[in-house]
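Please keep the sequence and the model at hand while reading.

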Number of protein chains: 2
Amino acid sequence: MALLLFDSTISGNCYKVRLLLAHLGLPYERREVDVVDRSNRLELLGGLNPSLRVPTLVLDDGRSIGESGAILWYFGEGTSFVPADRFDRAQMLQWMFFEQYDHEPAIAVVRFWLHYSGVPAGLEDRFEEKTAAGYRALGAMERHLDGHEWFAGGAYSLADIALYAYTHVAPEGNFELDRFPAVGAWLARVAAVPGHVPIDA
Amino acid sequence: MALLLFDSTISGNCYKVRLLLAHLGLPYERREVDVVDRSNRLELLGGLNPSLRVPTLVLDDGRSIGESGAILWYFGEGTSFVPADRFDRAQMLQWMFFEQYDHEPAIAVVRFWLHYSGVPAGLEDRFEEKTAAGYRALGAMERHLDGHEWFAGGAYSLADIALYAYTHVAPEGNFELDRFPAVGAWLARVAAVPGHVPIDA
């Protein structure tokens, strides 16, 4: 075996990795991990990923990497998906950290609640709060994309892959993407990149 | 002028940048930004950082970078603070993403509430939740540090700088670091690295 991905079909964080590996033409084995029942996580991922989450990527020598952004970086550096310019690389990472701090904890969670699990009892106040935070993140993306085709370096990069994953399924969290025309046009550009695969591929 | 840092003295995220710039001997101007009254953020940082947060770093040519991890990367790459090996770089980024996703939203927020602002009315349930999440993050660090001197590549790197920032002030959030002896020993190693500066320098 070459690469092993501890994966979840519905996870946008896992989809980021699958999308990059598809672009790079790298074969890998997928092992589906339950994202609702997490009781076996320490046993399954304890030695592999400090956060006990998917995606977790195991290399052919048994070493492992956690965090979608770090896995993207590992496979992306030295390819066309990471800009050659130092400032552009920092901008790419800026948007990848933004995605994990501002975008994913809002949009991915609201989408999971509405589309998969239901809003947990007692967390109803979070729903509105995270919806508002999601719209702020989409607004920040819109401000950038109104005048830029891509997030960093003038080309499709890891930042676009990272931000596409949960943005394109944001309507599953009832986010109205019609309000963000530049985001909508960018989503279409990403989906048209040669080698693109959908989240349910 | 060379570099301009939109800064907050009490922010661990800003301290990460100050600590790396001190190690590198790079001079910069600090501009203190209010972290309680955020009403002028769009005016102040709107063209500079999509998340409207500090740290925001403005280069001498006027271009800017947001997100502490991206700023660290920009100044760190090509120095001894970023490992030369590809896998080690990915491990470093793994811990930096872990810090922003699991550690900072728990420990930094609890510390801010207890030490600076008080727990906001209506968010009392978050206090226990974030305290528990903070302890989980410290536990993940302890598991790694029990057997490793540093977080990535066998040497002090950006990952150590990123994780040190809020871990060393975690007692201001009532986190009991005595329960994590390997974390405690690592904190002492970081503070002993030549060129170290404290958060209030």
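A:Leu52 is placed in the loop between H2 and E3 of chain A, where helices (H or I, at least four residues) and strands (E, at least two) are DSSP runs numbered from the N terminus. A:Leu52 has a positive phi of about 60° although it is not a glycine. The model is predicted, so local features need pLDDT of at least 70 and side-chain atom pairs count only at pLDDT 80 or more, while totals for chains, interfaces and linings use all residues. Residues are numbered from 1 along each chain as its sequence is written, chains are lettered from A and ligands numbered from 1 in the order in which they are written, and side-chain values use heavy atoms, with hydrogens and water left out.

**Backbone features**

Most residues other than glycine have a negative phi, and most peptide bonds are trans.

**Contact between the chains**

In chain B, 37 residues are in contact with 38 residues of chain A, contact meaning heavy atoms within 4.5 Å. The two chains bury about 3,600 Å² between them, 58% of it on carbon and sulfur atoms; buried area is the accessible area (1.4 Å probe) that two parts lose on being put together, summed over both. B:Phe87, B:Phe97 and B:Tyr101 supply 21% of the area that chain B buries against chain A, more than any other three residues.

Between chain B and chain A the count is eight salt bridges, each a side-chain nitrogen of Lys or Arg within 4 Å of a carboxyl oxygen of Asp or Glu. A salt bridge joins the side chains of B:Arg126 and A:Asp125 (3.1 Å, N to O). On the side of chain B that touches chain A, strand E4 (64–66), helix H3 (68–76), H4 and helix H5 (124–145) each supply at least two residues. The largest share, 16 residues, comes from H4(B).

**Salt bridges over all chains**

Side chains of opposite charge can pair when their charged atoms come close. Over all chains, the structure holds 27 salt bridges. A:Lys16 forms one with A:Glu99, their closest N and O atoms being 2.7 Å apart. Because A:Lys16 lies in helix H1 (residues 12–24) of chain A and A:Glu99 in helix H4 (residues 86–117) of chain A, the pair ties together parts that are 83 residues apart in sequence.

**Helix packing in chain B**

Helix H4 (residues 86–117) and helix H6 (residues 158–167) of chain B pack at an angle of about 10°, with their axes 9 Å apart. Axes are lines fitted to C-alpha atoms, for helices over the stretch in contact, and angles run from 0 to 180 degrees between N-to-C directions. H4(B) and H6(B) are therefore roughly parallel to each other, a term for angles under 35 degrees, with over 145 counted as roughly antiparallel, 65 to 115 as roughly perpendicular and the rest as oblique. Among the residues that meet are B:Trp95 and B:Phe98 in H4(B) and B:Leu163 and B:Tyr166 in H6(B).
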